[in-house]
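Dear colleague,

Please find below the structure that I am handing over to you, followed by a summary of what was found in it.

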Amino acid sequence: ATLAPRGQIPSAFGVRVMALDDKRGWMISGSLATGQIEVQNLKTGERLRSIYLGPWLPSIVLDPERAVAYVSSNGALYKVPYDSAQ
């Protein structure tokens with residue numbers, strides 16, 4: 001009902017885009033500064049994976065059934081499996 005902050009989620013430097021996998025309770029974030037995506041457990045804050053893709057990551061779309069992230073960058077589109085078991 002308000003715009004008051006509800007807390008913080010620690011993340012990598014330069015994160016400007018994120019997507020939520022409600023099925024797993026994970027957040028996948030992309031950093032414009034480092035070119036990496038990071039997979040985090042939202043309950044514990046634990047960083048599960050960090051994957052370098054390339055510069056300028058402006059968008060992430062998830063397919064949670066397959067645990068695949070589609071990530072755009074400066075000049076490329078990546079299909080990234082993000083489940084730690086893959």
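To begin with the charged contacts, the side chains of Arg66 and Asp63 meet in a salt bridge, with 2.9 Å from N to O (a salt bridge being a side-chain nitrogen of Lys or Arg within 4 Å of a carboxyl oxygen of Asp or Glu). Arg66 is exposed at 57% relative accessibility, whereas Asp63 is buried at 15%. Here buried means under 20% relative accessible area, exposed means over 50%, and partly exposed lies in between, with a 1.4 Å probe and protein chains only.

Please note that this is a predicted model, in which local features need pLDDT of at least 70 and side-chain atom pairs count only at pLDDT 80 or more, while totals for chains, interfaces and linings use all residues. Residues are numbered from 1 along each chain as its sequence is written, and side-chain values use heavy atoms, with hydrogens and water left out.

The whole structure holds five salt bridges. Among them is the contact of Asp21 with Arg24, at 2.8 Å from N to O; Asp21 is buried at 1% relative accessibility, and Arg24 is partly exposed at 24%. Asp21 and Arg24 also belong to a network of salt bridges that includes Asp83. Another salt bridge joins Arg47 to Glu38, whose closest N and O atoms are 3.1 Å apart. Arg47 is partly exposed, with a relative accessible area of 47%, while Glu38 is buried at 7%.

Turning to the strands (DSSP runs of E, at least two residues, numbered from the N terminus), four of them form an open antiparallel sheet in the order S1-S2-S3-S4. Strand S1 (15–21) and strand S4 (47–52) each have a single partner strand, so one side of each is left without a neighbour in the sheet. Two strands count as paired if DSSP finds at least two bridges between them.

S1 and S2 are joined by six bridges, and Met18 has Ser29 in S2 as its bridge partner. These two strands form a hairpin with four residues between them, and Gly25 in the turn has a positive phi of about 75°. S2 and S3 pair over five bridges, with Trp26 opposite Asn41 in S3. Their hairpin also has four residues between the strands, and Gly35 takes a positive phi near 75° there. Five bridges join S3 (residues 36–41) to S4; Val39 has Arg49 in S4 as its bridge partner.

How many of the six residues of S2 are buried? Six of the six are: Trp26, Ile28 and Gly30 cover one side, and Met27, Ser29 and Ser31 the other.

There is one aromatic pair (ring centres of Phe, Tyr and Trp, the last by its six-membered ring, within 6.5 Å; planes under 30 degrees apart count as stacked, over 60 as edge-to-face and the rest as tilted). The rings of Trp26 and Tyr82 have their centres 6.3 Å apart and their planes at 65°, so the pair is edge-to-face. The pair links distant parts of the chain, since Trp26 lies in strand S2 (residues 26–31) and Tyr82 in the segment after strand S7 (76–81), 56 residues apart. Trp26 is buried, with a relative accessible area of 11%, and Tyr82 is buried at 0%.

Yours sincerely
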